[in-house]
Amino acid sequence: MLPSLLASAAPARTPLYDQHGRPLEYLRLAVTDRCNLRCFYCMPEEGIKYMPKHELLSYEEMLRLTGLLAGLGVRKVRLTGGEPFVRRDLVPFMERLAELPGIDDISLTTNGVLTAPHVPALARLGVKAVNLSLDTLNRERFFQITRRDELPKVLETFYALLDAGIQVKINAVVMDGQNIDALVPLAALSRDLPVDVRFIEEMPFNGGSHEAGPASLPWNHVRIRQHLEAHFGDLTPVRMAAGATASEYTIAGHQGTVGIIAAYSRTFCGTCNRLRLTAEGGIKTCLYDQGVLDTRALLRGGKTDEEIVAALSAAFRHRAANGFEAERQRPLHQLSFESMATIGG
């Protein structure tokens, strides 16, 4: 279990800072670009062109890179995809990840379809929090959004996680004309259950083009909050932890909380402490950039640990100030955004 490993872990280190004074201590690690759902806001119905297996980082390569990043100050790792459990032997990989000195927090983002049988292993590993993607509680609407009839399996995972004592954070993308009627039922889960329900502004990462600028977003963070308050009354802000992306709120009489993530309006960039490693080894220092370093080329080109660390450090010193600057820096041929499954959700 993760807690038992901490006694032998390396002492706390001063985190690495970018040129804007933000610490870099949280890695979102995509273990695959494959997914077993076809959510329309993430990819076309026919799916995306998945990378051949040999183009994905191996688990050994991921462990090496994560270990080097831990030496630079990364202490938290969230496993993402695609859908992480689509890749074989994920739990054994997580066991090895938990043994890395300096890594003291491992979490997971999943769609929940394949997750329920692995919940006991996650609890044994000391995974404290799981983000569960769930945009509606209506089975027919779930099928329309994901193009798969898998809501019962997702709910099985949801209750299994709660029973295991693992913190559950529901992530719901707010989509005009698609699931607005789901916002109140989802938020209502926090009344009787210790669950955090977070509503995310829709983003352009669907494998195609997207109108630029938050002014084009019908349901931004302000309107989402107004919609919830019209039903539940005042939302009371909770003090945000350093680097948090969600504005968290309590509702009177509710066990859990609700949150709103201004992912398109990008209001939290000033405190962002996240890095992303895509499944093929691309480092992204911002969700909206085009990738700033190809670590696969370094790993397979025979570079030493010292050379890789130097390349990582150089990339971190040229980080965009916010998502708007990162988007402006994208080459013209990359103005159409990739699928979130390719980036690592």
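**Aromatic rings and their neighbours**

Modeller: Tyr-159 is partly exposed, with 41% relative accessible area (buried is under 20%, exposed over 50%, partly exposed in between, using a 1.4 Å probe and protein chains only). This is a predicted model, where local features need pLDDT of at least 70 and side-chain atom pairs count only at pLDDT 80 or more, while totals for chains, interfaces and linings use all residues. Residues are numbered from 1 along each chain as its sequence is written, and side-chain values use heavy atoms, leaving out hydrogens and water.

Biologist: Is Phe-158 buried or exposed?
Modeller: Phe-158 is buried, at 1%.

Biologist: How many aromatic pairs are there?
Modeller: The count is 3. Rings of Phe, Tyr and Trp (its six-membered ring) pair if their centres lie within 6.5 Å; planes under 30 degrees apart are stacked, over 60 edge-to-face, and the rest tilted. One of them is Tyr-59 with Phe-93, stacked at 4.4 Å between centres and 15° between planes.

Biologist: Where do those two sit in the chain?
Modeller: Tyr-59 is in helix 2 (residues 59-71) and Phe-93 in helix 3 (residues 90-98), 34 residues apart. Helices here are DSSP runs of H or I with at least four residues, numbered from the N terminus, and strands are E runs of at least two. Phe-93 is buried at 2%, and Tyr-59 counts as buried at 15%.

Biologist: Why is the pair of Phe-158 and Tyr-159 edge-to-face?
Modeller: Because their planes are at 65°, with the centres 4.9 Å apart.

Biologist: New topic: which residue lies over the face of Tyr-288?
Modeller: Arg-266, at 3.7 Å from the ring centre. A charge sits over a ring if NZ of Lys or CZ of Arg is within 6 Å of the ring centre and within 35 degrees of the ring normal.
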